[in-house]
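Welcome, and thanks for taking a look at this structure.

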Amino acid sequence: MRQPLPTVPYRPLPLAEHERQAAADAFFHEMDARRSVRDFSDEPVPRDLIETAIRTASTAPSGAHKQPWTWVAVSDPEMKRRIRQAAEEEEKAFYAERASEEWLNALAPLGTTWEKPFLETAPWLVVLFAQRYRPRPDGTREKHYYVPESCGIAAGLFIASLHRMGLATLTHTPSPMGFLRNVLGRPSHEAAMILFPIGFPAENAEVPDLRRKSLDEVSVWFEG
Ligand code: IYR
């Protein structure tokens, strides 16, 4: 069993020297235009697009290549209604009692409340479940490694893929998220990590006028 996999040649995209910066700039501008959206159109989105976003996300690197994620995609209106109802119940308690004063102050600029109509308006909800381990048929547990890191990277690729398709999403984290395992019938070794409502932005959608930190604010360099 302790055998390396066979290897295959790896040749990254054949870009000419002068093409690299242009490609990077184009990708930067594309991603810089992405915003989290809370106001969705109910216009349907074909399942194929969601499938491709999940395939793209699942190319993420992962600890020991265990690919410790499950993506649950929901367009069923009754299921969405149940998710909204359970999420809003948790969020009501969060905004009224559970959240600290500091947390509520931090959220104030975003204008979020316990109300989550997007959980029914958006044509798709995709829930990313992190697999804490994998149960083997004999009852033992196959360990997974760096699960939050692996799933976090996959989530980033998922968001980028949706953005490239002209779709909008939000990294929604109703807190706590335990109800999603029950509503979606997932096993106990899977923990809901992020709920993504997905769709086209509403025609009149607006987003907070956020500012991104500058390169200087987010980086430190030791150049040779
Ligand atoms: N889960 C709540 C609160 C919330 C928390 C964070 I951190 C945000 O960036 C935004 C919202 C909600 O979804 O409203």
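The notes that follow go through the strands, the ligand and a few backbone details.

Please keep in mind that this is a predicted model. The ligand, for its part, sits in the largest pocket.

- In S2, one set pointing the same way is made up of Trp124, Val126, Leu128 and Ala130.
- Leu125, Val127, Phe129 and Gln131 point the other way from S2, and the residues of both sets are buried.

- Another pair to look for is Val74, which has Leu125 of S2 opposite it.
- Five of the six residues of S1 are buried, so S1 too is largely enclosed by the rest of the structure.
- Within S6, Ala192 is the bridge partner of Phe129.

**The ligand and its shell**

- Which residues surround the ligand? They are Glu91, Phe94, Tyr95, Trp103, Leu107, Thr113, Lys116, His172 and Thr173.
- Helix H3 (77-98) and helix H4 (101-107) are the elements that give two or more residues to this shell.
- H3 provides the largest share of the shell, with three residues.

**Polar contacts and cover of the ligand**

- Tyr95 has a polar side-chain atom 2.5 Å from an oxygen atom of the ligand.
- For Lys116, a polar side-chain atom likewise lies 2.5 Å from a ligand oxygen atom.
- The side chain of His172 has an N or O atom that is 3.2 Å from an oxygen atom of the ligand.
- On its own the ligand has 370 Å² of accessible area, and the protein covers 74% of it.

**Backbone details in the loops**

- Where is Pro176 found? This proline is in the loop between strand S5 (168-169) and helix H7 (179-184).
- The peptide bond leading from Ser175 to Pro176 is cis, and its omega is near -5°.
- The loop between helix H2 (47-57) and S1 holds His65, and Gln67 lies in the loop between H2 and S1 as well.
- His65 is not a glycine, yet its phi is positive, at about 50°.
- Gln67 is not a glycine either, and its phi is also positive, at about 50°.
- Is His65 buried or exposed? With a relative accessible area of 55%, His65 is exposed, because the cut-off for that label is over 50%.
- Gln67 has a relative accessible area of 32%, so it counts as partly exposed, between the cut-offs of 20% and 50%.

Conventions. Residues are numbered from 1 along each chain as its sequence is written. This is a predicted model: local features need pLDDT of at least 70, side-chain atom pairs count only at pLDDT 80 or more; totals for chains, interfaces and linings use all residues. Side-chain values use heavy atoms; hydrogens and water are left out. Buried means under 20% relative accessible area, exposed over 50%, partly exposed in between (1.4 Å probe, protein chains only). Helices (H or I, at least four residues) and strands (E, at least two) are DSSP runs, numbered from the N terminus. Two strands pair if DSSP finds at least two bridges between them. A residue is near a molecule or strand if one of its heavy atoms lies within 4 Å of it. A polar contact is a pair of N or O atoms within 3.5 Å; within protein, one must be able to donate a hydrogen and the other to accept it, and residues adjacent in sequence count only if both atoms are side-chain atoms. Accessible areas come from the Shrake-Rupley method with a 1.4 Å probe; for residues, only the protein chains shown count as cover. On a 1 Å grid over the protein atoms alone, a cavity is a set of points where a 1.4 Å probe fits but cannot get out, and a pocket is an open set with protein on both sides within 12 Å along at least five of seven lines; lining residues have an atom within 4 Å of a point. A molecule sits in a cavity or pocket if more than half of its atoms lie within 2 Å of its grid points.
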